[in-house]
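The sequence and structure are shown first.

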Amino acid sequence: MRLAGLLALYLAGPAFGQTVVTSPAPERVGVTVYRDQSRGDARPQRQWLNGYALISETRTIAIPEGESELRFEGVASGIVPQSAIVGGIPEGLLERNRDALLLSAGSLVDRTLGQRVSLRRTDRATGKVTEQEAVVRTGSDGGVVLQTAAGVEALRCTGLAETLVYDRVPAGLSARPTLSVRVRARQPLNAAVTLSYLATGFDWQADYVALLSPDERTVQLQAWLTLASTDETSFVGATTQAVAGRVNRERTEVPPVSAPPLRLQCWPAATTTALVRGPDSEFYADSESFPVPPPPPPPPPPMAADIVVTGARIMAERERLGDLQLYRIPEPVTVAAKAQKQVGLIDQPTVRVHPVYRFFFDAEDSDSDEEGQLVLRSQNRASEGLGLPLPAGNLVLFATGANRPLMIGEGSVRDTAVGEKVEVNVATAGGVRARLGGEGSERHLLTLTNDRSVPVAVEVELGRDDGVSIDAPKLTRRDGKLMWLVTVPANGTATLAYRIRR
Amino acid sequence: MRLLVALMAATAAPLSAQSPQAIPAPTASAQGDVAVTIYNNDLALVQDRRDLALPTGRSRQEFPDVSARIRAETVTLTGAGIGIVEQNFDYDLLSPSALMQKAVGETITLVRVNPATGAETRERARVLAANGGVVLQIGERIEVLRDDGLPVRVIFDKVPEGLRPRPTLSVTLTAPRGGRQPVTLTYLTPGLAWNADYVALFDEAAGRMDVQGWITLNNRSGTAYRNADVVLVAGAVGTAEQRSRYPSPPSSGDVMAAGTETANRARVGDFYLYPLPQRTTIAQAQQKQVSFLDVSGTPAARAYEYRNPWLGTTEQPVSANSVLRFSTASRQGLGDALPAGTVRVYQRDSRGTPQFVGESRIGHTPMGSDLGLTTGQAFDIKVQPTVTERTRLSSDGSRWRTTMRYRLTNASPRAVTVDLLQDGLWGDTRIVSESQTSERRSAGTAVWRVAVPANGEATVTATFDTRF
């Protein structure tokens, strides 16, 4: 028994004269999710999230006197180790380390090179197990050569059931990349250690659902904060935030994880009869000893499941963070591994909107036919029923008809500050059309047609080259552009005749 | 329990019959007193002082535990009175296949195992060939190894000379006297690199920030360096290959004014040296960080900048860049030279938790420099540039008159000043009129410093007379 105790001590210390304190998981954790800046209007791909998160953890760790190593387990698998900040260690933080050489079938062999292992053979006929000492003479890449009492042999080239048995895990190998700090304390103490770091594999966006009123003058606007994680670690009871705005990121290289597989190769093994191998054909060991990736998560529930929710009980709280907007989920939630979560972000019951059909023509074009682009326009002001920062995201527009909500358009919202105009391009309208015809290169006629039973507002932008001018009394200038702003009557038409001068 | 005892016994006292060679203790290394100098450009100089037991006269010495990516041609070995005959770098690696190839013509032992009874029969065989399959001569018979698929153990008498588990450096040297003596091995290796990482906690209300600097070094050289004395050199030393390729210095685009002060750090020539305060072990595949800078309460300010290209006009307002300005001077600054790296900026939220607000890369920055780091774009501060008028002045089209309007909006509750830059004013360009006076930062760029009130907006208009 005393021997076993000795052995346990011996296994515990990876480096001599240093104790190891392992903190398995954080006690309190905060997760702040940042968007993928390069995604544009596209929705986040749940399998491949390119945003990131700031994880802030608090752990209580008993630091022993003298020099010791504190290992932080249960951190996000996408940790960017160089971004880590360790606080709360009052003195003597010597260095931070992150080891990327993992425990694997290959690293076991590599780290026992020149050392003694046990070679275990099991007789297939009798089940008799024999163990003998062996010394590893090669690394993991290209077959294992062993030195035994009999001489020099190669592992698994015999057709026998044989394997290596190790007496311990070599020092410094863990299952996952582990962040650790080396500290020196004058006296033992209980420290509340804070650890914060950036981690990849998160993303979020706002998902707007707008229900258009029958008179098409207002929408009921709701938004969900949708955040997702592809990380392997779940953060339970996390204070969760999301940050809107454009945050600069540099290309950061995370040192790759090194987990060498065991590649067992033998000498040339061709036979005179290249037949199907017998039952012991596994003497080429399976080198793919990595865990099989988990199956992809099930497809998301259909949108309709979200739509029927008419009001979120929990709404994210907003505050200003420097030049960004911070949205905080007011109570702790679990940011689960490989999962998506939605909470209410915005609920504005009556937002005044102006649906406008928009066209763009090259003024010198003489034969062109276009369908109108339906744009929902509003001002981000309290007087319009808005007046709050709108983070970028997707917008789905519904209208009521046939006793059910019908989706009539989908567009994207950009980051919109208070006071800005809001424009969302939601649909292409087949019934509101424009036709541009010309006689020669000077006289042009633009005809708008409306098949709807209500009058519609139309904006036509006429593009032209520098130095070209257009004669038409009805045109207005807006932001340096020539526009024709007109209301087309119900089931009616409107026309514009103009002349080009160079 | 019995197994444990057996293992312990085995570790403690190896049986001499089973250990033809000495087996090193689990964490022992052949390395001696190691000093590592690491440069920024994936290059390190390793100096390894070992005590070797040398015989008098000529001998061949192997040096295990050198970098797996050693540049063997840069190896030098020095010791008192020691003369070098030759240096070899052998990379004929031991594997089952190489073992069999080297056994061609030799005699090996076969142990046939009866699959039904497990009974072993032993015989000697000569390897005739190892091409495709292994052809053996057993007495008068010729056989192909394991042609019948039955289990056969192949036992070689010894590991052939010259086959090694890892590429190995060996030096043949002459020593004037025998006995233990120190020799110094020096070589260059890629796979070790470092840069700096900075954590800046910005207190916007107080206009101050706390900065911590960390040296981040990575070891991908395939070898651990035990208890090493580490010095980091801020700079990329030119290597022979690079000199011919016109190396470009690391970008330092955020330096607004380069400094002229000398930092209180050790330096060699143009390079600053950052020695690690104590010896450390750099494990393989490890990233190690050691603090080198900790400054509190440096003055810092938030500024805004929008740069418009020539004839730039946008459909929607665009966010202005949010820039963090500070100095590395000894007065009112960080008071140090900054090695190249990434600055990550944090600000506290309403609950006091630091939140990440952006990062920016800096080049090697001398002390006394003024820095402006773009950390992101402001959500609430936007600019919409518009070309409102563009007319040809002369009939031959040689001059144009362009009127621009810039609308700056501020949805935040505090007044800000935005540096509005108009680029592309090359050649004999003239600003005919402008709603406020601009400053020419360079020949091609005009700058307006525009005050935008809290929850308000400001407009700048300007008319340019250009050739294009």
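This is a predicted model: local features need pLDDT of at least 70, side-chain atom pairs count only at pLDDT 80 or more; totals for chains, interfaces and linings use all residues.

## Strand pairing between the chains

Arg98(A) has Gln287(B) as its bridge partner in β20(B).

## The contact between chains A and B

Chain A contributes 90 residues to the contact, and chain B contributes 97 residues. On the side of chain B that touches chain A, the most is given by strand β24 of chain B (residues 370-392), with 14 residues. By residue class, that side of chain B comprises 43 nonpolar, 36 polar and 18 charged residues.

## An open sheet in chain A

Chain A holds an open sheet of 9 strands with mixed pairing. The strand order is β28-β31-β26-β25-β22-β21-β27-β30-β29. At the edges stand β28 (469-471) and β29 (476-478) of chain A; each has a single partner strand, so one side of each lacks a neighbour in the sheet. From one strand to the next, the twist averages 35°.

Within this order, β31 and β26 follow one another. Strand β26 (residues 443-450) and strand β31 (residues 493-501), both of chain A, pair in the antiparallel sense over 7 bridges. In this part of the sheet, Thr495(A) of β31(A) stands opposite Thr447(A). In general, strands of a sheet pair through backbone hydrogen bonds, in either a parallel or an antiparallel manner.

Key. Residues are numbered from 1 along each chain as its sequence is written. Chains are lettered from A and ligands numbered from 1 in the order in which they are written. Two residues are in contact if their C-beta atoms, placed from the backbone, lie within 7 Å. Helices (H or I, at least four residues) and strands (E, at least two) are DSSP runs, numbered from the N terminus. Ala, Val, Leu, Ile, Met, Phe, Trp, Tyr, Cys and Pro count as nonpolar, Asp, Glu, Lys and Arg as charged, and the others, Gly among them, as polar. Two strands pair if DSSP finds at least two bridges between them. Axes are lines fitted to C-alpha atoms, for helices over the stretch in contact, and angles run from 0 to 180 degrees between N-to-C directions.
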